[in-house]
Amino acid sequence: MSKSEDVELEKQLKFLNKPAVKTVKMKPTLSRIKKNSSDSTTTWSSMIWSKDERCPFGTVPIKRITKDDLLRQKYMPPPEDAIFDVSNNSSEPKGGYISSQGYQVAIARTLTNPNNKFTGAGMITNFYNPRVEDGQHSACRLKIQKDSDIIQVGWRVDPTLYGDSKTRLFIHSQFGKTDCFNTLCPGFVHVDTGTPLDMSYMDSLTHRGVDGYEETMYIERDSVNGNWWLLLSSNYAQIGFWPQRIFTGLTSFATNVEWGGVVYSPPGVPKPPMGSSFFPIRNNLCDAFCRSITVLNKNGKTIQVDKVTTQVDNPNMYKVLFERLGNDKESYLFFLYGGPGESAQV
């Protein structure tokens, strides 16, 4: 590393590693919050972060960015850039999903319609730890988009991003020339007092055939100021927000929403497993899933999604199913996804 590069890294570290500060608890105008009258801030997400790691009352758990974090970021692959090719005469896609080089997806997507206006979306997901090598990653995500603006939340295994192979929470945004994970660059405003953005889910993994933990993940637009909020857990804990001012497309509504899996391998490297590392078998105790997938319409009303477009780049490596599963008492629509990649054919 040259001296000038080292100086630049030090400047970035000084800018990103601001001391913990007292924050004023914001009260966003969100339909999720209206439906949840509890003032409790104890969530499943905050419970799995050990008490001795919690921040002092009134401060935010801002991860200290290290020089290694910034150096690894330089080796992150280009952002996923996928476009769905559709007919102008129909709301039903007739073309194909074009994934960026190195990426493979197994996703469900809202039906393409020029009149789509979404103010949020959500899912409940379980956690796995697919095996990846250096340079690869494997993830599950909720993604909202309008034009070139993108916001994502989910879990991922990514040694390049995190420096380990643990299953961790992640957020991601693209706007303008910015492509940012977590708090590695300015953009996301972190206001929660108990949930780090790189939180490990290793104690919450699903083991095939055994009922495991689930997490609720939502992205919702504040109806007053247009900020996009990240909400986690069944009580919709307010983790933080992306300010409206950083976007050009997502200044108002999202037009597309996706749920499901995505993997990446450098050119010439076999594709890694996704989800449970097995093809789905219509069993939520064995399959990786996104269930109870929803969107919020332009008025903030929650709509249960029961029709989607599904896409798998390579059905020999990954598969998807969209089906209702349950028993006599209750049932849910599940988007099941996953597969072994090129590690084996199951």
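Both Arg-141 and Glu-258 are buried in this predicted model, and their side chains meet in a salt bridge with an N to O distance of 3.0 Å. The pair links distant parts of the chain, 117 residues apart: Arg-141 belongs to strand S5 (residues 137–146) and Glu-258 to strand S13 (residues 256–264). The model holds 8 salt bridges.

A further salt bridge is formed by Arg-156 and Asp-158, whose closest N and O atoms are 2.9 Å apart. Arg-156 has a relative accessible area of 4%, under the 20% cut-off, and is therefore buried. Asp-158, at 1%, is likewise classed as buried because its value falls under 20%.

Glu-323 and Arg-282 form a salt bridge in which the closest N and O atoms lie 2.7 Å apart. This pair also links distant parts of the chain, with Glu-323 in strand S18 (residues 319–326) and Arg-282 in the loop between S14 and S15, 41 residues apart. Glu-323 has a relative accessibility of 23% and so counts as partly exposed, a class that lies between 20% and 50%. Salt bridges that share partners join Glu-80, Arg-109, Arg-141 and Glu-258 into one network.

Most residues other than glycine have a negative phi. Arg-282, although not a glycine, has a positive phi of about 65°. Ser-277, which is not a glycine either, has a positive phi of about 80°. Ser-277 is found in the loop between strand S14 (274–275) and strand S15 (288–296).

Notes:
Residues are numbered from 1 along each chain as its sequence is written. This is a predicted model: local features need pLDDT of at least 70, side-chain atom pairs count only at pLDDT 80 or more; totals for chains, interfaces and linings use all residues. Side-chain values use heavy atoms; hydrogens and water are left out. Helices (H or I, at least four residues) and strands (E, at least two) are DSSP runs, numbered from the N terminus. A salt bridge is a side-chain nitrogen of Lys or Arg within 4 Å of a carboxyl oxygen of Asp or Glu. Buried means under 20% relative accessible area, exposed over 50%, partly exposed in between (1.4 Å probe, protein chains only).
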